[in-house]
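These are my notebook entries on a single structure. I set out to look up its sheet and its domains.

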Amino acid sequence: MAALVIRDVNKRFGPVDVLQGINLEIGSGEFTVLVGPSGCGKSTLLNIIAGLEKQTSGSVEIDGRAVNDVPPRDRDIAMVFQSYALYPSMTVRQNITFGMECRNVPRAERDAAVARVSHLLQIEPLLNRKPGQLSGGQRQRVAMGRALVRDPKLFLFDEPLSNLDAKLRVEMRMEIKQLHQRIHSTMVYVTHDQIEAMTMATRIAVMHHGLVQQFADPETVYNRPANLFVARFMGAPPMNTLPARLVAAGSGVNAVVGTGDEQVVLPLPPEMAGFAGREVILGLRPECIAEERRRFGEDVEPLMVEAPVVMTEPTGAETVVLLVLGGERVLGRLSPDVRLRPGERGRFSLDMRRACLFDPKTETLIG
Amino acid sequence: MRRLPEVLVIWVPLLLSAGHVVVFTAWTTWMSFTPSTLMPASGWVGLRNYTSVLATRNWKIAFDNLLLFGAGFVVLTTLVGLILAILLDQRIRGENVLRSIFLYPMAVSFVVTGTVWSWLLNPGIGIQKLMNDLGWTTFRFDWLIDRDMAIWTIVLAAIWQASGFAMALLLAGLRSVEGDLIKAAQIDGAGPARIYLRVILPALWPIVISVLVILLQFAIKTFDLVRALTGGGPGLATQLPALVVYDFMFQRGQIGRGSAAAVLMLLTLLGVLLPYAAWKYVQRRRAANA
């Protein structure tokens, strides 16, 4: 059953269309991540779900009930903010119970709820402190506690990890994911960080220019991006996208990239044979370009190409290589023990099974 | 453009202004221990000037008035300023215009404020006359000539003058409250009144304290407003310490006693400002440690 349904939601600020016909249906217990670059409308959408902003048109249903005219406090939601938004004058305990105080929950019940949540998040020693006396990670936990104590129908997260340093962010990311696995609540999580989206979500809504570009599980979004924007936004380093001509070759089809001396011919999987003769944008993830000896599966015959290296970026776990293929710059991910110098020509093993084809005009995925 | 050496830019004005303050404060303090009358005189009389000033009825009334005026003015101005600020904070149309209107009195000299209010409050030509002429013949508004109420006319005029200033500071404070806090409170289920009382105002209290202290030192220094509005009268009903100082020094030719009264005012001011400075210091230390 759908915990949250967003139907044809539009939002306009003066002449600017921030959201244009958003449709999402989110199931109970799902962890949905809204991801996109800044200004894509994801935070506005979250505020509309929360009732903090009013949509220009369209409807929002939470747990089967239309909430278009319901104020935030009656929507049975909890929200965690990027700034944490802890009340500075209240202790941690008061911060957590403020919502219950507003709803006149009896004291005994409040105390029990605080005990439960503070145990869950291990913030018992902090209960009598003020937010000003807490570290960033502790504030983050308290903000989570304030949301969890309510046991709401819907959790909303507005970039909750952006203010943490890199190490803490990874820790909190794992904690939030574990938390979701334990309590199975419906969560909507906004972030601009595609790694957070990939690692935490059960489904990702990629947003751009006020539109949902793709709404699918992380694997689909990553391997079969609906269009060039999604292909280039998700994944770090991003997907390589090269203009190519498709030429029939026997029963199969080859992608021809570049012209003249630089021309490279890349055989595509046989199921793409129907596209022969078309101009396309060929999408290839960097991990599909590796060092010469790499095999992408036991029975897969790798495609070998030779290409000049422009630059290498060793990260420790792997080395990202910028190389030129058919006159186009592409990124590959190599084993760190392969040492190539800029200017050298190297041989690379390619995995063409995971290639994507995009229409150059509409930029949508065609094959 | 060649830049002036920093010695000239910083130290010369600083020395001039600080020297000015320090030299005259020291001179006044010295005078308060001398038997000076019409002209400054040397000599040492110990605390005699102080004891005689403190013993005068004039000073006692002035100090009692200061307590009443100070409390009334500071509390009510802050309250009026806060109400104006909260009303302006409702994202209303024409906010800039209204803000300027409320701030304008601050740009007016106290003498002008005093004079205008003395006309308005004068029963023979002001508000009472207007209401009487309009047909409400029993209307009475004669605080200005009422011994018990005259001090409140000063409070009224001072509130009119200073509440825009309080409003401006408090409005800036309201605006600096993080938007997410208010959103969080809305989701927590707090209504507008509770959001102001429990979330916004507690975040505002450092600014409220600053406003209170600034207004209090206004109150202690008040001179020209009273001088123009009531002249300290009727009788001694609106006498304030600064008027007592003026009275001793320039009306009665008692520079020694006038100086003693001035030093007493300075001590009162320090009584307000030193705890404030200490509080600021503690706050900064706590912020640095957090």
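Entry 1, the sheet. In what order do the strands of the open sheet of chain A stand, and with what pairing? I note first that the model is a predicted one. I read the order as S6-S7-S8-S3-S9-S10 in chain A, an open sheet of six strands with mixed pairing. I then looked up the edges. Strand S6 (77-80) and strand S10 (211-216) of chain A each have a single partner strand, so one side of each is left without a neighbour in the sheet.

Entry 2, the pairing of S6(A). I followed S6(A) to its partner, strand S7 (residues 154-158) of chain A. The two strands run in the parallel sense and are joined by four bridges. I also looked up A:Val80 and found A:Phe157 in S7(A) opposite to it.

I find chain A divided into domain 1, residues 2-233, and domain 2, residues 240-358. Taken over C-alpha atoms, the centres of domain 1 of chain A and domain 2 of chain A are separated by 39 Å. To the contact, domain 1 of chain A gives seven residues and domain 2 of chain A gives six residues. On the side of domain 1 of chain A that touches domain 2 of chain A, helix H8 (residues 228-233) of chain A supplies the largest share, three residues.

How values were computed
Residues are numbered from 1 along each chain as its sequence is written. Chains are lettered from A and ligands numbered from 1 in the order in which they are written. This is a predicted model: local features need pLDDT of at least 70, side-chain atom pairs count only at pLDDT 80 or more; totals for chains, interfaces and linings use all residues. Domain bounds come from an automatic or database domain assignment. Two residues are in contact if their C-beta atoms, placed from the backbone, lie within 7 Å. Two strands pair if DSSP finds at least two bridges between them.
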